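Welcome to a short tour of one protein model.

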Amino acid sequence: MEKEYLKRTIVKREVNSQYLPNSRTIQIYLPPGYDDNSTYPVLYLHDGDDYFNLGRIATQANKMIIDDEIEPIIMVAIPVDKSVRTEEYAPVHERNHAYQQFFAHELLPAVEGEFAIDATPSGRVVGGSSLGGTVSLHLTLEHPHLLRHVLSQSGAFWEPTIDAISQQHSLSDVTIYQTVGMSETAVSTHQGTFDILNRNREVSRLLQDKGCHLYYEEKEGDHTWGFWQKDIPDALRYFFG
C-alpha cells in the first residue's frame, strides 16, 4: 500500500500574464482515479513549490484520499520568486494588486478551463503560510464573488490587514482555518522582528466580530515548515473531510 500512497499525479502548466512581468509554471496535483467527467474541489497554494517539497502536501493528500479521510481534491501549487515575494504577497505593495489580477483573471480561468474543478466559491480554497496566508485572505476579501474559503498557517498580518477586515460589513459567507505556533512571539524577517502569535490573536477576534466561520487554534510550533507540514492533515480534514 505504501507504493500506492506514493503514486502521485502532478502535471505542469505555463500560465502567461499581462499583469505580471513573467509567466508562471504551476504544478497541478490530480487525485487518485481522477476523472474528467467528475468535478473536484480545489486548493490553491501560495509558495506552492514549498508546499509540495517542504510541506509534502501532495503525498499527505494522496494518503488521506486513499484512506478515505478526505474526498478527492485537486491542488494547484503557485510558485513565487522569493526576491519579489513580499512585493507580490504583502498588501502594501503595488505589485500585490497586479498579482491579485493575475490570480483572479488569468490563473483561475486557465486552470479551471482545463481540469474538472468545481469552479464556484464553495468549491475553491486558497491558502498559504506566513505572507502566503496574508495574500490568501486579501484575495478573498477583495474577490468575494470568487473566493470564500481561506487556509492560513501563521499568517503575517500587519496594519493593512487589520484595516481591510475592519472595513468589511460582514464576513458571514467566509470560512477560515487559521493556525499559529505558540512559539511565534519574536519571528525574525528581513523587515524586522514580529510577534505573529499576538497578531493572529487580534485578527481572529476581528474575524469573529465580523461573523466569519472561523476555526482558530494555537499549536506547539514555530514559524517553520516543520510546524506547517504537521498541521496540513488537520487543514485538509477541515475543508475536505
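Which residues does I74 touch, not counting residues up to four places away in sequence? I74 touches I28, Y29, L30, P31, Y34, Y40, P41, V42, L43, F115, A116 and I117, where a contact means heavy atoms within 4.5 Å. Please keep in mind that this is a predicted model, in which local features need pLDDT of at least 70, side-chain atom pairs count only at pLDDT 80 or more, and totals for chains, interfaces and linings use all residues. Residues are numbered from 1 along each chain as its sequence is written, and side-chain values use heavy atoms, with hydrogens and water left out.

**Overall build**

- The protein has nine helices and ten strands; these are DSSP runs numbered from the N terminus, helices being H or I of at least four residues and strands E of at least two.
- Its radius of gyration is 17 Å, close to the 18 Å that the globule rule gives for 241 residues, so the protein is as compact as a globular protein of that length. The radius is taken over C-alpha atoms, and the rule is 2.2 Å times the number of residues to the power 0.38.
- The C-alpha trace spans about 45 × 40 × 35 Å along its principal axes.
- Among contacts with a separation of 6 or more, 74% join residues 24 or more positions apart.
- Of the 241 residues, 55% count as buried (buried means under 20% relative accessible area, exposed over 50%, partly exposed in between, with a 1.4 Å probe and protein chains only).
- Carbon and sulfur atoms hold 46% of the accessible surface, which comes to about 10500 Å². Such areas come from the Shrake-Rupley method with a 1.4 Å probe, and for residues only the protein chains shown count as cover.

**Nonpolar cores**

- In soluble globular proteins, nonpolar side chains tend to be buried together.
- Here, the largest nonpolar core has 32 residues, and those with the most contacts inside it are Y44, I74, V76, Y99, F103, L107 and V111. A nonpolar core is a set of buried Ala, Val, Leu, Ile, Met, Phe, Trp, Tyr and Cys residues joined through side-chain atoms within 4.5 Å.
- Two or more residues of this core come from each of β2 (24-30), β3 (42-45), β4 (74-77), α5 (94-112) and α6 (131-142). The largest share, eight residues, comes from α5.
- Another core, of 25 residues, lies apart from this one and includes A58, V125, Y177 and L236.

**Helix α7**

- In α7 (residues 159-166), the buried residues are T161, I162, A164 and I165.
- Seen down the axis of α7, these fall within an arc of 165°, so they line one face of the helix; the arc is that of the directions from the helix axis to the C-beta atoms.
- Their cover includes α6 and α8 (196-209).

**Loop residues to look at**

- D81 sits in the loop between β4 and α4 (85-89) and is partly exposed at 41% relative accessibility.
- The side chain of D81 makes a polar contact with the side chain of S83 (2.8 Å). A polar contact is a pair of N or O atoms within 3.5 Å; within protein, one must be able to donate a hydrogen and the other to accept it, and residues adjacent in sequence count only if both atoms are side-chain atoms.
- R56 lies in the loop between α2 (48-53) and α3 (57-66), and its phi is near 50°, a positive value in a residue other than glycine.
- S130, in the loop between β5 (124-129) and α6, has a positive phi of about 55° although it is not a glycine; S130 is buried, with a relative accessible area of 11%.
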